[in-house]
Amino acid sequence: MEPVLSLRSWLAKVESFGELRHVKGADWDVELGAIAELSYRQPHSKALLFDDITGYGSGNRVLTGSTGSPRRLGHTLRLGDDLDDVSLVAALRGKPSRWAAAAADYPAETVTDSPLLENVIDGPDVNLLSMPVPRWHAGDGGRYIGTGCFVITRDPEDETINGGCYRMEVQDEGRSATINAVPGKHGAQHIQRWFERHGKAPVVVSFGHDPILLITGGTEVPARISELDYAGAIIGQRVPVLIGSETGLPIPAGSEVAIEGWLRPDHLRDEGPFGEWTGYYSGKRRPAPALEIVRMYHRDDPIQLGAPPGKPPHDYSYMRTVMKSAMIEDALVGAGVAGIRGAWAHESGGGRLFIAVSIENRYAGQAKQVGHLTAQLPAAAYMNRFVVVVDADVDPADLGEVVWAMSTRCDPAKDIDIIPGTWGSKLDPMLLDGAPPYNSRAVIDATRPFERKADFPAVSSGDPEYLQSVLHRWAEVFAP
């Protein structure tokens with residue numbers, strides 16, 4: 001029987017409803033990444049399971065596109081296996097806050113047995129390149145094993161466990177890998193605290209697992225809630241973990257491949273560039289902490305979970321858009337703001353840079369209030385650039401409608417606020433080399449002026465209920 005959060009169980013289910021495609025014979029050097037990129041751009045793209053990769057035997061596999069459709073994402077979040085975009089968003093409404101509240105009821109459960117223990121390799125014999133680690137993009141500085149990974153750290157003060165998703169480049173001919181943790185993220189904070197107190201930081205990384213860990217590791221789970229416990233709340237059962245013999249950190253028992261080891265502030269290797277989620281190569285080649293791997297674990301015929309970023313849409317941008325949109329809406333409602341109708345973190349902005357929120361504009365100043373709140377929410381603050389607030393008659397997920405509202409209900413001179421000095425990122429293509437990672441953001445009020453609600457021109461479009469009745473009556477005209 002497969003353990004909880006086994007990638008193999010996930011693959012079997014996704015294949016059963018026709019959303020998995022097998023690809024044999026691709027080259028790990030750029031070609032595999034190019035196939036993944038082209039696939040994601042196709043309508044109704046499937047998850048891809050690569051096998052017989054050039055230079056490697058059968059069974060040593062790489063998966064991409066795991067969360068790139070409503071059916072696959074709905075299954076991963078245990079919301080249903082036959083959802084479309086609309087029903088997935090509806091099913092997610094209110095869930096992130098409930099999962100966060102329930103996480104304490106699903107603490108990770110320690111076990112002593114797992115298929116992950118089929119192969120245990122000590123540090124001197126570790127070779128990450130025994131697996132077909134891709135070079136995803138032609139301009140990448142190396143081979144990146146960490147794209148869909150789950151990086152586990154512990155706070156040295158309160159012992160809170162964090163799981164994050166950070167890029168990892170293979171180093172030292174497979175004996176090590178750099179971890180490029182984003183400053184300000186919980187994992188990076190843990191690592192820095194360990195450096196300051198002990199001069200080294202323990203780390204565990206899983207490279208193959210149920211994509212639910214990609215989701216929890218790649219979105220902003222509230223502080224002091226373990227992503228493993230949060231995943232347990234999503235699936236409704238405790239996540240089984242092994243305890244790393246060297247670091248004492250939890251290792252997901254359903255993992256395909258995992259390593260444990262230590263980061264030290266003076267143990268660095270040159271890393272990058274890498275094609276990031278903004279759609280640009282980030283930075284020059286520069287030093288980053290490299291993990292001293294003390295132990296590697298893997299199943300027979302292991303499967304890596306790949307999630308290569310790039311120009312949106314990319315391998316996991318759909319997942320991030322849907323999840324962050326739900327988290328932002330939940331946070332706004334939880335803040336007590338009345339009249340929130342919906343939020344959408346647009347995929348063209350990587351699920352972070354461009355956020356639209358629709359409201360029932362109930363009082364003077366509400367649109368600005370909602371816009372400024374959204375711009376600084378924990379779920380939205382990192383590298384946000386634009387927040388647009390629209391009326392309830394505008395679908396925040398429809399970029400065409402949002403731009404129409406901006407074009408017809410916004411006076412740039414008085415309806416756009418600029419907030420300087422906010423939380424940016426070293427991945428920002430606009431950031432000058434060596435500059436602190438600040439950015440600015442625009443809060444755009446694209447609602448009807450509150451004082452003109454009664455006399456603002458009416459929209460020249462049919463009543464939605466009437467249009468729906470016409471659609472039903474004349475269905476043959478609109479048939480595919």
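1. In this predicted model, the side chain of Ser-325 places a polar atom 2.5 Å from the backbone oxygen of Thr-321, which falls under the definition of a polar contact (a pair of N or O atoms within 3.5 Å; within protein, one must be able to donate a hydrogen and the other to accept it, and residues adjacent in sequence count only if both atoms are side-chain atoms). Ser-325 belongs to helix 9, residues 317–334, where helices (H or I, at least four residues) and strands (E, at least two) are DSSP runs numbered from the N terminus. Ser-325 counts as buried because its relative accessibility is 3%, the classes being buried under 20% relative accessible area, exposed over 50% and partly exposed in between, with a 1.4 Å probe and protein chains only. Apart from neighbours within four places in sequence, Ser-325 is in contact with Arg-320, Ala-343, Trp-344 and Ala-345, contact meaning heavy atoms within 4.5 Å.

2. As to conventions, residues are numbered from 1 along each chain as its sequence is written, and side-chain values use heavy atoms, with hydrogens and water left out. Local features need pLDDT of at least 70 and side-chain atom pairs count only at pLDDT 80 or more, whereas totals for chains, interfaces and linings use all residues.

3. Gly-342 lies in strand 18, residues 340–345, and counts as buried because its relative accessibility is 6%. Not counting residues up to four places away in sequence, Gly-342 touches Glu-329, Ala-356, Val-357, Ser-358 and Pro-396. Between Gly-342 and Asp-82, which are 260 residues apart in sequence, the C-alpha to C-alpha separation is 23 Å.

4. In helix 4 (residues 85–92), the buried residues are Leu-88, Ala-91 and Leu-92. Because these residues cover an arc of only 95° around the axis, they are on the same side of helix 4, the arc being that of the directions from the helix axis to the C-beta atoms. An α-helix has 3.6 residues a turn, so residues three or four places apart point the same way. The cover over the buried residues of helix 4 includes helix 3 (70–76), helix 5 (95–102) and helix 9, and helix 4 is followed by Gly-94, which has a positive phi near 85°.

5. The whole structure contains 37 salt bridges, each defined as a side-chain nitrogen of Lys or Arg within 4 Å of a carboxyl oxygen of Asp or Glu. One of them joins the side chains of Arg-72 and Glu-19, at 2.7 Å from N to O; since Arg-72 lies in helix 3 and Glu-19 in the loop between helix 1 (7–16) and strand 1 (20–24), the pair ties together parts that are 53 residues apart in sequence. Both Arg-72 and Glu-19 are buried.

6. Another salt bridge pairs Glu-271 with Arg-167, with the closest N and O atoms 2.6 Å apart. This pair links distant parts of the chain, as Glu-271 is in strand 15 (residues 268–271) and Arg-167 in strand 9 (residues 167–171), 104 residues apart. Glu-271 is buried at a relative accessible area of 2%, and Arg-167 is buried at 9%.

7. Lys-414 and Asp-415 also meet through their side chains in a salt bridge, at 3.5 Å from N to O. Lys-414 is partly exposed, with a relative accessible area of 46%, whereas Asp-415 is buried at 8%.
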